[in-house]
Amino acid sequence: ASANIGVVGLAVMGSNLARNLASREGNTVAIFNRSHAKTEALLAEHPEAGFVPTASYAEFAASLQKPRTAIIMVKAGVPTDAVIQSLVDVFEPGDIIVDGGNAYFPDTIRREKAVRETGINFVGAGISGGEEGALLGPSIMPGGSDESWVTLGPILRSIAAIAEGEPCVTHVGHDGAGHFVKMVHNGIEYADMQLIAEAYDLIRRGTGKTPAEIADIFAEWNRGELESYLIEITAEVLRQIDAETGQPLVDIIVDQAGAKGTGAWTVQTALALGVPVSGIAEATFARSLSSHPEQRAVAAGLPGPEDEFEVEDTDAFIEDVRLALFASKIVAYSQGFDEIRAGAAEYDWQIDLGAISKIWRGGCIIRAQFLNRIADAYAAEPELPALLTAPYFADALSRGQAAWRRVVIAAAQAGIPAPAFSSSLSYYDGIRAERLPAALVQGQRDFFGAHTYKRIDKEGTFHTLWSGDRTEIEAEDTH
Ligand code: NBP
């Protein structure tokens, strides 16, 4: 046995991760892929990596030092189950199987339980950063047992991205905690992307600026509090000219956004946990709406506002959009962290929210300066009930709220969809409201279903005899 770590699955993510591992001091990497041609190709293309190629699971297991550690990078779902079973067949108690794919966290919980019964450790690790991250340093969100972390920690720390001197990896929590946090990361990514897209659309339609001019605006924003990878690449995409037509590429790309399902998982999970993640939900639905061309073609005949949309003061409007974007972004992240907290409570994970914000500062798609402020907020108050109430964010919201309202009003008047901007503002106004019309909803529920209500002035649970003489009785709490 000559390798200290192995990688199964040598498509783009697996080969890049294997090369990343091999490039670090002290690592010898065994590689295996179902179709052997890929193993040979990787070996031939990267002789410098010193890979140990293997042609069967048995050979793969034999090439690994104990405790054996293998990272699986194959298609999520059935292929992952198949590979886990093949490894369980050839591994021994104490060995470690890591699933680095994009598994749905309930699958990871199930797999961890099943594998643990064999004495083998199973770790679901969310890996973000795409192909480049896998090669140069991703953000890694591992779950699994404390025992496996002892072996795995140093290996993952060696390949992770570095942000402000710290590797972007932490032991998130047990079993599915890592994939849960990766899922929410992706949900936040959806919200962030949608917010940026809405900002672009409003500026373009409100000021008539070209995509290249808007690229300059984003590049400028990237030097301030909005500094992030997504703002940076937005400028790059907007600046791109299509070689064939000479038009901005963004005008040539079909306006139907795809999705691989992690946004939907985040929203479904949030619904089950009772956590409002309206920014992520609107972003996910905005992609769905865009992808129904047949409906859109018919609905295109529906009337919009009569007046042309033209802003009076271009610079002031652009600054308003910037402030609205930042405020909405704070809401999206606050909601995402609420979901992680709720998931930790539900599944009994000890998740350090400040540590999560730190490992997202490098390597991953949502990497941003802003995450330092989130880390500060949780450092100051680990049990912070809502991120948006932390002093830095509360101050940003107070600075931005008037602009935010102007932008949402302008969008509505101009007939420009801004679902993430406007739902984030509604969330803000909802969460800060002294009283909500939820009181009326409780009254309605009591009327048709005798669901009862509580009173603001005394303890107990009450029901009004709506179909009788409408007196109030004390009732059992049925919600
Ligand atoms: P793919 O998701 O395209 O999976 C291809 C790999 O799965 C190949 O190695 C293939 O082997 C293997 N495989 C399949 Br399909 N069925 C198998 C089976 N029954 N037994 C053994 N191996 C099987 O690869 P990827 O794009 O590199 O992504 C790998 C994982 O990383 C996925 O879970 C993905 O969601 C996740 N991820 C991807 C990104 C990204 O940016 N692409 C980012 C973060 C995470 P073969 O060569 O024999 O067909």
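**Salt bridges and a cavity in a predicted model**

Tutor: In this predicted model, the side chains of E225 and R399 meet in a salt bridge, at 3.3 Å from N to O.

Student: Where do E225 and R399 lie?

Tutor: E225 is in the loop between helix 9 (211-221) and helix 10 (229-239), while R399 belongs to helix 18 (residues 391-414), so the pair ties together parts that are 174 residues apart in sequence.

Student: And is E225 buried or partly exposed?

Tutor: E225 is partly exposed, its relative accessible area being 22%. R399 also counts as partly exposed, at 41% relative accessibility.

Student: How many salt bridges does the count come to?

Tutor: The count comes to 26 salt bridges. Among them is the one between the side chains of E92 and K66, at 3.0 Å from N to O. E92 sits in the loop between helix 4 (78-90) and strand 5 (96-99), and K66 in the loop between helix 3 (57-62) and strand 4 (69-72), so this pair links parts 26 residues apart in sequence.

Student: What about R111 and D99, buried or exposed?

Tutor: Both R111 and D99 are buried. Their side chains form a salt bridge of 3.8 Å, N to O.

Student: Changing topic: which residues line the largest cavity?

Tutor: The lining consists of L17, I71, V98, A125, I127, I140, L156 and I159. It divides into 8 nonpolar residues, with no polar and no charged ones.

Notes. Residues numbered from 1 in each chain as written. Predicted model: local features only at pLDDT ≥ 70, side-chain atom pairs only at ≥ 80, totals over all residues. Heavy atoms only, no water. 1 Å grid on protein atoms, 1.4 Å probe; cavity = no way out; pocket = protein on both sides within 12 Å on 5 of 7 lines; lining within 4 Å. Nonpolar A, V, L, I, M, F, W, Y, C, P; charged D, E, K, R; others polar. Salt bridge = Lys/Arg side-chain N within 4 Å of Asp/Glu carboxyl O. Helix = DSSP H or I, 4+ residues; strand = E, 2+ residues; numbered from the N terminus. Buried < 20%, exposed > 50% of the residue type's maximum accessible area, 1.4 Å probe, protein only.
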